[in-house]
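Please consult the sequence and structure shown here alongside the text.

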Amino acid sequence: MEFTDSDRVKQLREQLWAFMDEQVRPAEPEYWRDFSAETIPHRIPAVMETLKAEARRRGLWNLFLPDERFGAGLTNVEYAPLAEISGWSPLAPEAMNCSAPDTGNMEVLVQFGTPEQQEKWLKPLLAGDIRSCIGMTEPDVASSDPTNIATRIESDGDDYVINGRKWWTSGAAHPKAKVVLLIGLSDPEADKYRRHTMVLVPFDTPGVSIIRQLPVFGFDDPGSHCEVSFENVRVPKSNRVGEEGIAFLIAQMRLGPGRLHHCMRMIGVAEHALSLMCERAKSRTAFGQRLAEQGVVREQIARSRVEIEQARLLCQRAAWLLDTVGNREARFEISAIKVVAPNVACNVIDRAIQVHGGAGVSKDFPLTQMYAYARSLRFMDGPDEVHLATIGREELRREDGRL
Ligand SMILES: Cc1cc2nc3c(=O)[nH]c(=O)nc-3n(C[C@H](O)[C@H](O)[C@H](O)COP(=O)(O)OP(=O)(O)OC[C@H]3O[C@@H](n4cnc5c(N)ncnc54)[C@H](O)[C@@H]3O)c2cc1C
């Protein structure tokens with residue numbers, strides 16, 4: 001395994017840090033002052049468009065896409081340190097057109113989209129002119145088992161008619177959200193892994209209603225996670241992505257890199273929390289000594305450093321496998337890092353909060369918001385338990401092979 005940065009990555013890292021320090025992080029106060037989730041669509045501060053233009057100008061655009069016809073052509077190993085840097089600010093991924101769920105959706109359209117779908121949806125997504133959602137999870141069924149997905153997609157001549165309810169549809173209240181890649185039940189009689197189909201549903205189709213946004217730990221999250229209902233929604237069959245019945249195959253393909261990108265960014269979140277923890281420990285004195293000189297605090301710092309290093313290595317290994325043997329063969333490591341990265345980040349952020357004292361749970365520091373994000377990632381793209389079940393099953397299978 002080779003994780004040394006290539007010259008191109010070294011240069012991109014420098015450029016990205018400069019962008020973060022000069023533009024992105026200084027824009028945060030203005031962004032949070034102007035952001036509002038009171039209405040649907042949310043109000044996304046104008047500074048985001050300024051950041052996007054700047055990211056494009058600096059060549060920091062669509063870095064996630066390994067297919068160089070559409071994106072930067074970086075491998076996952078090359079993208080990992082860059083995504084990590086973007087994890088230092090919640091504004092950076094959108095500014096660089098590298099945010100979930102658009103990245104996964106663009107990859108689906110690159111691989112499975114028809115030329116017409118690519119023209120209509122992929123092109124404006126790549127340009128950052130629109131945003132998109134993925135609609136899998138439903139309020140009425142346990143969606144960590146996606147075979148439960150019950151929203152109906154019924155054939156009617158040249159159209160599909162869709163009825164059902166989704167929630168946690170991230171990005172749905174973003175003013176640029178134009179389309180949802182919806183997974184629904186198209187053939188209840190088929191084998192349980194061939195019953196579901198993916199369809200592109202434009203938000204302006206009659207019958208699509210955004211019911212409400214879902215706050216995260218009480219925060220108005222710019223991720224704009226929403227409950228969305230679909231009532232007799234009619235779309236042409238040409239909106240289908242791939243063949244009928246292969247939605248899970250597409251979702252698996254989509255979720256491999258998507259999960260890993262989340263983890264890369266999460267390591268950046270953990271680094272950010274550790275850096276805040278160290279700064280605070282150096283600046284406060286209790287019982288005659290700076291906090292940084294107290295053995296207990298040093299242990300918290302040391303544990304955080306060690307855990308982050310472990311998580312980063314596992315993330316790089318998963319990225320390397322994704323690059324070299326592909327999504328399917330890398331699924332064990334992707335599940336492993338999907339469990340490890342948010343748990344490590346939660347631990348580090350929690351320690352950082354403790355070292356900050358009461359300030360840690362105030363809004364003067366970003367730690368509570370970081371915690372809400374890291375904790376939520378333990379559900380997004382599958383809860384920990386489902387990934388642990390995959391790892392456990394795989395381990396037992398390997399053990400059987402050894403006996
Ligand atoms: C902030 C946020 C953003 C999200 N964005 C999106 C999005 O854009 N699009 C989308 O479709 N979904 C999205 N989700 C939804 C997310 O993917 C689901 O919450 C997740 O897949 C779990 O489904 P569920 O909520 O229905 O939990 P359930 O299926 O009801 O599971 C509940 C719990 O049961 C336990 N459990 C489940 N399976 C097992 C098992 N095999 N063994 C042991 N225990 C188990 C776990 O503890 C699990 O957390 C988002 C969620 C959050 C919090």
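## A buried glutamate and its partner

Glu 333 is buried, its relative accessible area being 8%; buried denotes under 20% relative accessible area, exposed over 50%, and partly exposed the range in between, with a 1.4 Å probe and protein chains only. The side chain of Glu 333 meets that of Arg 317 in a salt bridge, with 3.4 Å from N to O. A salt bridge here is a side-chain nitrogen of Lys or Arg within 4 Å of a carboxyl oxygen of Asp or Glu. This pair links distant parts of the chain, since Arg 317 belongs to helix α8 and Glu 333 to helix α9 (residues 331-355), 16 residues apart. Arg 317 is partly exposed, at 30% relative accessibility. Helices (H or I, at least four residues) and strands (E, at least two) are DSSP runs, numbered from the N terminus.

The model is predicted: local features need pLDDT of at least 70, side-chain atom pairs count only at pLDDT 80 or more, and totals for chains, interfaces and linings use all residues. Residues are numbered from 1 along each chain as its sequence is written, and side-chain values use heavy atoms, with hydrogens and water left out.

## Other salt bridges

The structure holds 31 salt bridges. One of them joins Arg 234 to Asp 156, with the closest N and O atoms 2.8 Å apart.

Glu 309 is partly exposed at 35% relative accessible area, whereas Arg 312 is buried at 17%.

## Cysteines

How many disulfides are there by the distance rule? The count is 0 disulfides, a disulfide being a pair of cysteine sulfur atoms within 2.5 Å. The sulfur of Cys 133 has its closest cysteine sulfur in Cys 226, at 7.7 Å, which is too far for a bond. Cys 133 is buried, with a relative accessible area of 0%.

Cys 278 is likewise in no disulfide, and the nearest cysteine sulfur, in Cys 346, is 19 Å away. Cys 278 is partly exposed, with 23% relative accessibility.

## Surface charge and a loop arginine

Asp 187, Glu 189, Glu 243 and Glu 244 form a negative surface patch. Patches are made of residues with over 30% relative accessible area and no salt bridge; like charges are joined within 9 Å, and nonpolar side chains (Val, Leu, Ile, Met, Phe, Trp, Tyr) within 5 Å. Asp and Glu count as negative and Lys and Arg as positive, while His and the chain ends are not counted.

Arg 58 occupies the loop between α2 (47-57) and α3 (76-86). Is Arg 58 buried or exposed? Arg 58 is buried, with a relative accessible area of 16%. From C-alpha to C-alpha, Arg 58 and Ala 173 are 29 Å apart in space, and they are 115 residues apart in sequence.

Notes. Accessible areas come from the Shrake-Rupley method with a 1.4 Å probe; for residues, only the protein chains shown count as cover. The place of a charge is taken as NZ of Lys, CZ of Arg, CG of Asp or CD of Glu.
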